[in-house]
Amino acid sequence: SISIDRLYFNLIMTTLITIFGILFAVVVLVGFWMMSVYNGLVRSRNSKDNNYSQIGVQLTRKYELIPNLVKLAKGYMKHERATLEEVIQARNMAANANAEISADPGNPDAMKKMVAAEGSLGGVMGKLFALSESYPDLKANQNMMQLTEELTSTENKVTFARQAFNDSVMTYNNALQVFPANTVAGMFGFKEAIFFEVEGLGDVSKAVVTSDQKKDLDISFDDM
């Protein structure tokens, strides 16, 4: 009887050890899987943010060129002050929005402001170039032609960088949405990214940032 009881006890202990061993192995495997998914999401997010930095560099160059163009146009387009002021205002808003999103590329609200500001800037720049057609002396100016060429080249670089950024946003968002990785994303607070798509004129009034940023980046039309 004692041997039977001991055998029964050993059987129960062996079973319990096996169950706990299996559970421990499952927990370890799930832990490694979650760590792998988490690291993958972090790498995807960092790649996306780094791609925005490439856009930011080109946009900064663009925002440096625009005041030079307006200053030059100011000498010829004396009756277009309102349009030139709109260009400077839109440029300032876009420069501030770019500073904000560059500081925190993962901020969806900052990206929305950037998209709105770039859309508005594109609209007023288009208006400026359309009006410049009525000023042949301005169009023929060597400095104007050089600035226009530099702006066009920079804008093309922005377009290529934006495409790379949007591709990385797509990859990142897909990683967040697929099951079961989406459960890990939800647990650790990963949020979907916003595409950088400029359509229409946008709303420049939404591109508002801190007074410190404005102090550093704003340019006054009257000071030009």
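**Helix packing and salt bridges in a predicted model**

Reader: In this predicted model, how many residues apart are Glu85 and Arg81 in helix 2?

Author: The side chains of Glu85 and Arg81 meet in a salt bridge, with 2.8 Å from N to O. Glu85, at 31% relative accessibility, counts as partly exposed, and Arg81, with a relative accessible area of 38%, is partly exposed as well. Both residues lie in helix 2, about one turn of the helix apart, which corresponds to a spacing of 4 residues.

Reader: How are helix 2 and helix 3 oriented, roughly parallel or roughly antiparallel?

Author: Helix 2 covers residues 81-103 and helix 3 covers residues 108-132, and their axes come within 8 Å and cross at roughly 155°. Because angles over 145 degrees count as roughly antiparallel, the orientation of helix 2 to helix 3 is roughly antiparallel.

Reader: What is the handedness of the crossing, and how many nonpolar, polar and charged residues does the contact of helix 2 with helix 3 have?

Author: Where helix 2 passes helix 3, the crossing is left-handed. Sorted by class, the contact between these two helices has 16 nonpolar, 3 polar and 6 charged residues.

Reader: What is the distance between the closest N and O atoms in the salt bridge of Asp49 with Lys48?

Author: Asp49 and Lys48 are both buried. They form a salt bridge in which the closest N and O atoms are separated by 2.6 Å.

Reader: What is the distance in space, C-alpha to C-alpha, between Leu41 and Leu176?

Author: Leu41 lies in helix 1, which spans residues 2-74, and at 3% relative accessibility Leu41 counts as buried. Leaving aside residues up to four places away in sequence, Leu41 touches Tyr172, Ala175, Leu176, Ala185 and Phe190. Leu41 and Leu176 are 135 residues apart in sequence, while in space their C-alpha to C-alpha distance is 7.5 Å.

Conventions
Residues are numbered from 1 along each chain as its sequence is written. This is a predicted model: local features need pLDDT of at least 70, side-chain atom pairs count only at pLDDT 80 or more; totals for chains, interfaces and linings use all residues. Side-chain values use heavy atoms; hydrogens and water are left out. Axes are lines fitted to C-alpha atoms, for helices over the stretch in contact, and angles run from 0 to 180 degrees between N-to-C directions. Helices (H or I, at least four residues) and strands (E, at least two) are DSSP runs, numbered from the N terminus. Angles under 35 degrees count as roughly parallel, over 145 as roughly antiparallel, 65 to 115 as roughly perpendicular and the rest as oblique. A crossing is left-handed if the near helix is turned anticlockwise from the far one by less than a right angle, and right-handed if clockwise. Ala, Val, Leu, Ile, Met, Phe, Trp, Tyr, Cys and Pro count as nonpolar, Asp, Glu, Lys and Arg as charged, and the others, Gly among them, as polar. Buried means under 20% relative accessible area, exposed over 50%, partly exposed in between (1.4 Å probe, protein chains only). Contact means heavy atoms within 4.5 Å. A salt bridge is a side-chain nitrogen of Lys or Arg within 4 Å of a carboxyl oxygen of Asp or Glu.
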